[in-house]
Amino acid sequence: MRTATATAAAVTTTLLGAGAAAVAAAVAGARYAADAALRPEPGRPLPGGPRLTVHSTAAGRVALTRSLGSLRPGTYGLDAPGVHAVVGPVLPDAEHGPDTVVRRLVAVTHGSLDPGTRVTLTPQVHLGNPRTALGLDHADVDIPGELGALPAWFVPAARDTWVITVHGLGSSREHPMVVMPFLNRHRMPVLDLAYRGDLGAPASPDGLGHLGESEWRDVDAAIRYALRYGARRVILHGWSTGAAMALHAAERSALADRIAGLVLDSPVLDWHATLRALAAARHTPAVVLPLAVRAAESRAGLRADRRAPGADPGALRVPVLIFHGPDDTLAPWEPSRRLAAARPDLVTLRTVREAGHGAMWNADPAGYEEALRRFLTPLM
């Protein structure tokens, strides 16, 4: 890691004028930022997400702190310790103060939204499992993985093309439940995977996440499981790092010929930019950011000579649908645009504006599902 060493040396030299204590604090800060990126707590929202205050509630509506986040279109979850609610679109005609915005309150599923409660706006709409959250019958299954059993939910349906869903950073297998009703209506079986590091799944040997670089092998295990139990082909639908894992599987799996298509939501195609954004969201000082990113890359084994997923557009062999947009601050959409431009024969990019990371469905559920229907129909 010569680059990491040179970067660390340069940052340390910059800080020497502030004294040894400042250098030690900077190095500690870099390590903390690296841990924030590589040790995400399963199901805990990522740093930098919109933090809001509940101002008031009434029948079917909730007033929240006015911000760019609370004004986003669509459907979202509101999370706080012991609290979860679902909110719909902004109600522009509702009476509100200059510092608040009123959204439709769809449901309070856990706890209560008391005035003063600090909540996070999150793309994870549902809590529980497919039966309790959606009324869909499912089976709890264990997928044999290289590190041990991987828990998954299987929602049966009539077709023999299965959809394997793979969540991303800052979420859990509850997040993909947003598309389960749609897939079930179209009679597509769903295998919703928990992978290494998730609750109930084995940890990585080093206890770290690797932004899909090692986790993709759990997707490979899910493909093997699906084919063993009745699937003829599979479609991989991944969010964030889950999208990177899907791309890795399509590029590296011995069973890649059984993958019919890829759906990539907010894909992490530039891990350097994502690590930098996560570190910045942890308020890492700008002078320490290069050291934090290099430390994270080194600890995760993301070598400079290792190709990022999708780096070789010529390697694509199946149709790809990408949902991404310019407002994603954690996974820049430029790599998605380049990939779509390089392979217009296979890649369709649906641009979703005013949507945060992993929230492309949330911003426009109807548009998302219509694009998904058009993409999946010839693959079913």
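**Entry 1: the middle of the sheet**

I started at His237, which stands opposite Val263 in strand E12. This is a predicted model, where local features need pLDDT of at least 70 and side-chain atom pairs count only at pLDDT 80 or more, while totals for chains, interfaces and linings use all residues. Residues are numbered from 1 along each chain as its sequence is written, and side-chain values use heavy atoms, with hydrogens and water left out.

I noted what the labels mean: helices (H or I, at least four residues) and strands (E, at least two) are DSSP runs, numbered from the N terminus. Two strands pair if DSSP finds at least two bridges between them.

Strand E11 (residues 233-239) pairs with E12 in the parallel sense, over six bridges. From E11 the chain passes through helix H6 (residues 241-252) to E12, and this β-α-β crossover is right-handed. Right-handed means that, with the strands pointing away from the viewer, the path from the first strand over the helix to the second runs clockwise.

I then looked at the other neighbour. E12 pairs with strand E13 (residues 320-324), again in the parallel sense, over four bridges. Val263 has Leu321 as its bridge partner in E13. Leu262 stands opposite Val320 in E13.

Is E12 buried or exposed? Seven of the seven residues of E12 (residues 259-265) are buried, so the strand is largely enclosed by the rest of the structure. Buried means under 20% relative accessible area, exposed over 50%, and partly exposed in between (1.4 Å probe, protein chains only).

**Entry 2: the whole sheet**

The open sheet has eight strands in the order E7-E8-E10-E9-E11-E12-E13-E14, with mixed pairing. Its edge strands are E7 (139-145) and E14 (347-351), and each pairs on one side only. Neighbouring strands here are turned by 20 degrees against each other on average, direction ignored.

H6 touches strand E9 (161-166), E11 and E12, and its direction makes about 155 degrees with that of E12. H11 touches E11, E12, E13 and E14, and its direction makes about 170 degrees with that of E13. Axes are lines fitted to C-alpha atoms, for helices over the stretch in contact, and angles run from 0 to 180 degrees between N-to-C directions. Contact means heavy atoms within 4.5 Å.

**Entry 3: the barrel**

I found a closed barrel of six strands, running E1-E2-E5-E4-E3-E6 with antiparallel pairing. Its twist averages 45 degrees from one strand to the next. Strand E3 (residues 76-80) and strand E6 (residues 118-122) run antiparallel and are joined by three bridges. The bridge partner of Leu78 in E6 is Leu121.

**Entry 4: the cores**

Which residues touch the most other members of the largest nonpolar core? I found Leu113 and Leu376, in a core of 48 residues. Helix H11 (residues 365-376) gives the largest share of this core, five residues. A nonpolar core is a set of buried Ala, Val, Leu, Ile, Met, Phe, Trp, Tyr and Cys residues joined through side-chain atoms within 4.5 Å.

Leu376 touches Phe182, Leu183, Met188 and Ile235, leaving aside residues up to four places away in sequence. Another core lies apart, with 41 residues, among them Leu150, Trp162, Val219 and Leu264.

**Entry 5: a buried arginine**

I looked up Arg196 in the loop between strand E10 (190-193) and helix H5 (216-228). At 5% relative accessibility, Arg196 counts as buried. Its side chain makes polar contacts with the side chains of Glu146 (2.8 Å) and Asp218 (2.9 Å). A polar contact is a pair of N or O atoms within 3.5 Å; within protein, one must be able to donate a hydrogen and the other to accept it, and residues adjacent in sequence count only if both atoms are side-chain atoms.

**Entry 6: helix H7 and totals**

At the start of H7, a side-chain oxygen of Asp270 reaches to within 3.2 Å of the backbone nitrogen of His272. The buried residues of H7 (residues 271-281) include Trp271, Leu275 and Leu278.

Last, I noted the totals. The protein has 11 helices and 14 strands. Buried residues make up 54% of its 380 residues.
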